Amino acid sequence: MAHVCSNEQLNQSTQFLDTTRLPLTGEYEQNSDTDTVAIIHGFSQYHRLDLKQVTAELVLAQDSGIPLAMKYHSGNAGSNTVFEKRAGDVVKGLQQGSGPPLLVADSKLYRRDNARNLAKLQFMTRIPITEQA
């Protein structure tokens, strides 16, 4: 990724990270491969417990809006888990940028479990009331 960003002169110093759940209809065969995303019932932000879903993750470069990373996760993968897994890769990408590193994400980024990764960079988010004090 760093090579492509360098060739295209993309600044990676500010990145936006977000996840969303995509509701799906229909029947899907489940594969026993461990690398396969499970299309399953999970917590539905649309309150549609009848729909299966997958979780999509997207990291964008601030200066161009070009996706730097996109990955799908099983339908019951929470944003907290996805953010924690992605944090190490995001830190590396931000350090390769030409300016001071800044990560912008929603409040699910800020968790005590993720503090080790967050200590390595500047970030902008809302601190959830459950994490305060």
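Let's start with Thr 20, which stands opposite Ala 56 in β2. Strands here are DSSP runs of E with at least two residues, helices are runs of H or I with at least four, and both are numbered from the N terminus. I call two strands paired if DSSP finds at least two bridges between them.

A quick word on what you're looking at: this is a predicted model, with local features needing pLDDT of at least 70 and side-chain atom pairs counting only at pLDDT 80 or more, while totals for chains, interfaces and linings use all residues. Residues are numbered from 1 along each chain as its sequence is written, and side-chain values use heavy atoms, leaving out hydrogens and water.

Back to the strands. On β2 there is also an antiparallel pairing with β3, over 6 bridges, and Val 59 stands opposite Ala 69 there. These two strands form a hairpin with 5 residues between them, and Gly 65 in the turn has a positive phi of about 75°.

Now follow β1 to β4: they run parallel, joined by 4 bridges, with Phe 16 partnered by Val 104. From β4, the parallel pairing continues to β5, residues 122-124, over 3 bridges; Leu 102 stands opposite Gln 122 there.

Stepping back, the chain has 3 helices and 5 strands, in the order α-β-β-β-α-β-α-β from the N terminus.

So what is tucked inside? Of the 133 residues, 35% count as buried, meaning under 20% relative accessible area, with exposed being over 50% and partly exposed in between, using a 1.4 Å probe and protein chains only. In β2, 8 of the 10 residues are buried. The largest nonpolar core has 11 residues, including Leu 17, Val 59, Leu 68 and Leu 118; a core here is a set of buried Ala, Val, Leu, Ile, Met, Phe, Trp, Tyr and Cys residues joined through side-chain atoms within 4.5 Å. β2 (52-61), α2 (79-95) and β4 (102-105) each supply at least two of its residues.
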